Amino acid sequence: MLVAPSILSADFGKLNDEIKAICEGGCDLVHVDVMDGHFVPNLTIGPVVVSAVAKVATKPLDIHLMVENNSFFVDLFAPLKPEYISFHIEEEKHPHRLIQKIRGLGIKPAITLNPHTPPESIEYLLEDLDMVLLMSVNPGFGGQKFIPSVVEKAKKLKELINKRNPNCLIEVDGGVNDKNIQELKNAGVDIVVAGSYVYGASDYSTAIKSLQI
Ligand code: DX5
Ligand code: ZN
């Protein structure tokens, strides 16, 4: 299991140290939550701050857009050369076109599904995707409770992926900790995002390693 700590739960007063600590602590990706105050009721960081993150991070960036007007935000973040950019299917009229745009910029495209959105809704996009991000909380805030139905959803998605594009990875985001990591692994999940579990721990490295099962 790969682990992408979400910097949303980091101490932004010492962001450089917080990024270094997870990278030296052995994380696989650095998860960046971009919220616009419209698609979700919270507002986070833009390219100015994320470029500072990119400078100090020694692991690839995983940018999770929670915004209206996805294409505009893709243009803002593409120069930072993230590994992945994911956008919410609930907010995109032309997902196939946006996937092509992201790939054309040399970035791996991913789609995010809110807790209510069925995996079948993106079946015919799977062959064009590198990753699907399943939300296991309602997007907008760190530190929320894990929604257990995501486990069944991950299993269904895994079946579709096996049929359509076995190279596509499954990522789960929200409320992930050492209690639910095994069932996520069993369901076929490849990457987990963990914010409060990692940044709330006294030793980030131990917390990260406890999820890398
Ligand atoms: C929620 C974000 C998550 C969040 C995860 O909208 O997408 O990445 O920061 O935080 P935890 O692990 O605390 O649920
Ligand atoms: Zn996220």
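This report describes the cores, strands, salt bridges and cysteines of a predicted model.

## Basis of the description

Because the model is predicted, local features are given only where pLDDT is at least 70 and side-chain atom pairs count only at pLDDT 80 or more, while totals for chains, interfaces and linings use all residues. Residues are numbered from 1 along each chain as its sequence is written, chains are lettered from A and ligands numbered from 1 in the order in which they are written, and side-chain values rest on heavy atoms, with hydrogens and water left out.

## Nonpolar cores

A nonpolar core is taken here as a set of buried Ala, Val, Leu, Ile, Met, Phe, Trp, Tyr and Cys residues joined through side-chain atoms within 4.5 Å. Buried stands for under 20% relative accessible area, exposed for over 50%, and partly exposed for values in between, with a 1.4 Å probe and protein chains only. The largest such core has 63 residues, and I7, V30 and L184 are those with the most contacts inside it. Helix α5 (residues 150-164) supplies the largest share of this core, with six residues; helices (H or I, at least four residues) and strands (E, at least two) are DSSP runs numbered from the N terminus.

The surroundings of V30 can be listed in terms of contact, meaning heavy atoms within 4.5 Å. When neighbours within four places in sequence are set aside, V30 is in contact with P5, I7, I22, C23, V53, A57, K59, P60, L61 and D62.

Strand β2 (residues 30-35) is largely enclosed by the rest of the structure, because six of its six residues are buried. In a regular strand the side chains alternate between the two faces of the sheet. In β2, V30, V32 and V34 point one way while H31, D33 and M35 point the other way, and all are buried.

Two strands are said to pair if DSSP finds at least two bridges between them, and β2 pairs with strand β3 (residues 61-66) in the parallel sense over six bridges. Within this pairing, L65 in β3 is the bridge partner of V34. The chain passes from β2 through helix α2 (residues 47-56) to β3 in a right-handed β-α-β crossover, where right-handed denotes a clockwise path from the first strand over the helix to the second, with the strands pointing away from the viewer.

Strand β7 (residues 169-173) is mostly covered, four of its five residues being buried. On one side of the description stands its partner β6, which pairs with β7 in the parallel sense over five bridges, with V132 opposite I170 in β7.

Together with helix α6 (residues 181-186), β7 and β8 make a right-handed β-α-β unit.

## Salt bridges

Side chains of opposite charge can pair when their charged atoms come close. With a salt bridge defined as a side-chain nitrogen of Lys or Arg within 4 Å of a carboxyl oxygen of Asp or Glu, the count comes to seven. One of them joins K163 to E123, whose closest N and O atoms are 3.4 Å apart. This pair links distant parts of the chain, since K163 lies in helix α5 and E123 in the loop between β5 (108-113) and β6 (131-135), 40 residues apart. K163 is exposed at 58% relative accessible area, whereas E123 is buried at 10%, and a network of salt bridges links E123, K163 and R164.

Helix α5 also holds E152 and K156, which lie four residues apart, about one turn of the helix, and whose side chains meet in a salt bridge at 3.7 Å, N to O; K156 is partly exposed, with a relative accessible area of 39%. A further salt bridge is formed by K179 and D178, with closest N and O atoms 3.4 Å apart. In that pair K179 is exposed at 69% and D178 is partly exposed at 38%.

## Cysteines

With a disulfide defined as a pair of cysteine sulfur atoms within 2.5 Å, the structure holds zero disulfides. C27 is in none, and the nearest cysteine sulfur, belonging to C23, is 4.4 Å away. C27 is buried at 1% relative accessibility, and C168 is likewise buried at 1%.
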